[in-house]
Structures are given as structure tokens and as C-alpha cells.
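Visitor: I am new to this structure and would like to learn how to read it, step by step. Could you show it to me?

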Amino acid sequence: KIINCSKCTRLVKFRKKISLEKRKQYENQTYWGKPITGFGDTSGKILFVGLAPAAHGGTRTGRVFTGDRSSDFLYKCLYKVKISNQSNSESINDGLKLNNAFITTALKCVPPGDKPNKDEIESCFKFFKQELVNLQNLKVIVALGKVAFDTCIYFYKKNYNFINKYKFAHGKIFVLPNNIKLVACYHPSPRNVNTGRINEKKMSNLFNKVLNL
């Protein structure tokens, strides 16, 4: 259902445009160019959530957090704490497996300028909700970046009459309905890494903390 969705005209148009006007280094590759599903261990207790697939990462490779610099950094840290079986995420055939964790995006298509419209997010919430239902052992949601964090809060407000006001702060832990914990985490973007806002040690320490929640 996710892969076949074409509800949001603006997003469909944009992902098709990206898949045709490829980044030069990938011009010989066939882009996935469709919505992205979640990936990982469906019996795991941890859910990592990003906002949306990257234009030349997930939209190109067909798997969330795969084939871009954010995923390079993220998987180095996940591997250090043994959540993943390898330190890289390059393609859907690279042998990557997650242990005790699932990873997804709140929005299943890349939006122009990484800025989705409210109606697009709300339309995609039905898929996000089903992913949460499928993860029967879910205990912790790790929001990768402030926008993903705010989107998770918005999702719970729309679906669970949630009224608490939570403010993003890296490493802070909040409680959601059904006693699920929400962990605020800086996005593993090159900008955050290059400015020193986050590094492998800080990120790995947080993921270790998550494993023990």
C-alpha cells in the first residue's frame, strides 16, 4: 500500500523529477522513485524515525537511510552499539540487518526543500500508524532531528488526544501514550556532524542509553 500510494500530487511530481534529473554521480543508476517503507526487525523494541526519505539516498536506493552521508554516520553509530550488523548502508542488497530496532520515516516520499505540507503529513499518518501497530514490542521511539520529533508529537496529538507540550532537546526522554518513551536525537546530517553538534561518541552513547530503557 505504501509503495503504490500516489495520493499527494506535489510529492509524486517531485519524486519523479528527482528520479529523472539524477545527481551526476548517480546518472547511470535507476532511481527507486517511489514511496519508502520502513525497514528492520519488526519484533524490536526501538523505532528510529526520520522525517522523510532523502532525495538521493532513500529515493534513489529504495531503503530509508541508505546511500547518503547521513546514513554513513548513523550506521557507524548503530554498528558500535550492535543495533546493526555492519557499519554501512549503501543499497538494499548490501546484507544490512537491524537487531531489536526498526527504522522508518513519518513521511514516505521526499518533499521539495525537505518541507512537507501539513496535509501531506496527515495523509501519510495512516501508514505511520500501521507501522506502530505492527511493532508489537515497541518501547522507545528515537526521533532523528527536531522536525521528526515535532512530527511524532503532532501524530500523537492527532491520533491519541495527546495534549502534553514537549520541547526538543538532544538526549531528553519524554513519555507518550501507552507508556512509549520518545527520545529526542540530533539528526545524523553532515551539517550537525561538521559543526560538532554531534559526533560518533555522543550518538553512540545515546543509543546505548536507548538500549537500556
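Predicted model: local features only at pLDDT ≥ 70, side-chain atom pairs only at ≥ 80, totals over all residues.

Guide: Helices (H or I, at least four residues) and strands (E, at least two) are DSSP runs, numbered from the N terminus. Residues are numbered from 1 along each chain as its sequence is written.

Visitor: How many helices and strands does the protein chain have?

Guide: The protein chain has seven helices and six strands, and from the N terminus on they run α-β-β-α-α-β-α-β-α-β-β-α-α.

Visitor: What is the span of helix H5?

Guide: The expected span of a helix is 1.5 Å times one less than its number of residues. Helix H5 (residues 146–160), with 15 residues, reaches 21 Å from its first C-alpha to its last, close to the 21 Å expected. After H5 comes Asn-161, whose phi is positive, near 50 degrees.

Visitor: Which residues of H5 are buried, and what do they pack against?

Guide: Buried means under 20% relative accessible area (1.4 Å probe, protein chains only). In H5 the buried residues are Ala-148, Phe-149, Thr-151, Cys-152, Ile-153, Phe-155 and Tyr-156. An α-helix has 3.6 residues a turn, so residues three or four places apart point the same way. Counting contact as heavy atoms within 4.5 Å, the buried residues of H5 pack against elements including helix H4 (118–134), strand E4 (140–144) and strand E6 (181–185). Of the 213 residues of the protein chain, 51% count as buried.

Technical notes:
Heavy atoms only, no water. Buried < 20%, exposed > 50% of the residue type's maximum accessible area, 1.4 Å probe, protein only.
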